[in-house]
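Please examine the structure shown below.

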Amino acid sequence: MQEKIFLYYTSDIHSHFENWPKIASFFNDKKIQHNRENQDFFLFDNGDHIDRVHPNSEALLGKGNVTLLNEAGYDMVTLGNNEGITLNHNELYHLYDDADFSVICANLHSKDGDDPDWLQATTYTSTNSGITIGVIGLTAPFQAFYNPLEWNVEDPFAILDREVERLNKQADIIVLLSHLGITEDQQIAERYPMIDVIIGGHTHHLFRDGEVVNQSILTAAGKFGYYVGEVVLTWDHSLHQLVKKEAYATPIDHVLPHEETTRIIKEQTERSATLLKQTIATLEKPLEVDWFKRTIIMKQLTETLREWTNADIAMLNAGILLESLPQGTVTYADVHRICPHPINPCVVTLTGQELVEVIRGSLTNNFTELEMKGFGFRGKVIGRMVFAGVELETTINQDGSEHMKEVTFQGEALDVDQTYRLATADMFTFGQLSPPIARSNTKEFFMPEFMRDLLIRTLVSHYKK
């Protein structure tokens, strides 16, 4: 006799609640279908359901997301980096207190040894016929960010070395909820063939029909809830093993929204708007934001960053502020709207020569006009770089780009051999946006403060009456 087992999942929703009522409706229809046909099914979320770019998740600190997962009937979730490193320790510690589902993340622990009651490394569930499914969750090991928040995050492969054999002895089927990224998932499949299903995320990749690596099937549903993931496993009871693994990513644009879910989101939106109404400052005249100018508010914000981090020099891209602020009252909602990014302050140590390279590169049109998504940036373009603590003498080239002639620090030319503490946005420590910053061996991340917290500090300092 053969039996089909159905796994459904979401991944990297990032608080795109505009798609959530359709997702809830899709899963509700599947539940009705499988209950009618007496089939086992399980519902997972693979992390980054929360994103504080959305006002609801900002105001409710992710609790509203948990309510939506409860209402949709999820069985298990794992943590993404947006759950893990965009909330302070206490906020994450109590995030899932009211969850009706299991939270599985094997490589995250509180530094003081006091883990929240909801946190599990692995868990087991069974089908009605007695097939045991072991589930393990893993999140991206951003130790430099977790440490200041009083969490330890371990190497995923060390965890798998420790846990997979035990899972293999106790479970008929092993499922990994992996918020690690496509490259790590492929490596895991090669090293741990006993893992049957790897539900992937973090890198927002999409496998429409799954990908078989070694003996594992890899599946991923992209981002923002445009797709949901479906896995169909066929178990042969006479052979006592899986004989078929299928995985699909299914678009949900055609699905009618779930009415109750729509109502809950509307109620959360109204409550969030009330919570974000608190006044920050009052402007006697508008504050201009222009991505290609060094405006007053950007100069003030960059100086706040330098002072607050006790750095020698600070630099921020003008694209970090999305809109101008009109005359009148500025609320927290306004601050969140123009600076929604989950980006933290960071200080790196650079030599004068490296600093010159950073500044020179930031003045090019290729840099200032770069359209970017990712690394926490939720804007449109990088924009012009604004500096504090140094003076720049520049000229304008024929193509409109800026050319650096001289940089002075405290009235003297930068010493190419001296080291300087540079404060900036943490997004420049990733990838190839600014190689000298990314290569720096000395990086200090300031957590849990976002850039908008420093924007509030700036507004209060200069404009609060």
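Arg-52, Glu-58 and Arg-452 are joined in a network of salt bridges, a salt bridge being a side-chain nitrogen of Lys or Arg within 4 Å of a carboxyl oxygen of Asp or Glu. The model is predicted, so local features need pLDDT of at least 70 and side-chain atom pairs count only at pLDDT 80 or more, while totals for chains, interfaces and linings use all residues. Residues are numbered from 1 along each chain as its sequence is written, and side-chain values use heavy atoms, with hydrogens and water left out.

Glu-58 belongs to helix α2 (residues 55–60) and Arg-452 to helix α15 (residues 451–463), so that the pair links distant parts of the chain, 394 residues apart; helices (H or I, at least four residues) and strands (E, at least two) are DSSP runs, numbered from the N terminus. Both Glu-58 and Arg-452 are buried, where buried means under 20% relative accessible area, exposed over 50% and partly exposed in between (1.4 Å probe, protein chains only).

The whole structure holds 16 salt bridges. In one of them, Arg-271 meets Glu-267 at 3.4 Å, N to O. Both residues lie in helix α9 (residues 259–275), 4 residues apart, about one turn of the helix. Arg-271 is partly exposed, with a relative accessible area of 40%, and Glu-267 is partly exposed at 35%. Another salt bridge joins Lys-405 and Glu-393 (3.5 Å, N to O). Because Lys-405 lies in strand β22 (residues 402–409) and Glu-393 in strand β21 (residues 391–396), this pair ties together parts that are 12 residues apart in sequence. Lys-405 counts as exposed, at 52% relative accessibility, whereas Glu-393 counts as partly exposed, at 39%.

How many residues of helix α3 are buried? In this mostly covered helix (residues 63–72), 7 of the 10 residues are buried, among them Val-66, Leu-68 and Leu-69. The buried residues of α3 pack against α1 (20–36), β2 (40–45), α2, β3 (76–77) and α9, with contact meaning heavy atoms within 4.5 Å. Just after α3, Gly-73 takes a positive phi of about 80°.

In soluble globular proteins, nonpolar side chains tend to be buried together. The largest nonpolar core here has 105 residues, of which Tyr-74, Leu-321 and Leu-459 touch the most other members. Such a core is a set of buried Ala, Val, Leu, Ile, Met, Phe, Trp, Tyr and Cys residues joined through side-chain atoms within 4.5 Å. A second, separate core of 22 residues includes Val-175, Val-197, Ala-221 and Val-231.

The search also finds 2 cavities of 30 Å³ or more. On a 1 Å grid over the protein atoms alone, a cavity is a set of points where a 1.4 Å probe fits but cannot get out, and lining residues have an atom within 4 Å of a point. Grid points are joined across faces, edges and corners, and a volume is the space filled by probe spheres set on the points. The largest cavity contains about 50 Å³ of space. Helix α3 gives the most to its lining, with 3 residues; residues lining this cavity include Asn-65, Val-66 and Leu-69. The second largest cavity has a volume of about 30 Å³, and its lining includes Phe-27, Lys-30 and Phe-41. The elements that give two or more residues to this second lining are α1 and β2.

Technical notes. On a 1 Å grid over the protein atoms alone, a cavity is a set of points where a 1.4 Å probe fits but cannot get out, and a pocket is an open set with protein on both sides within 12 Å along at least five of seven lines; lining residues have an atom within 4 Å of a point.
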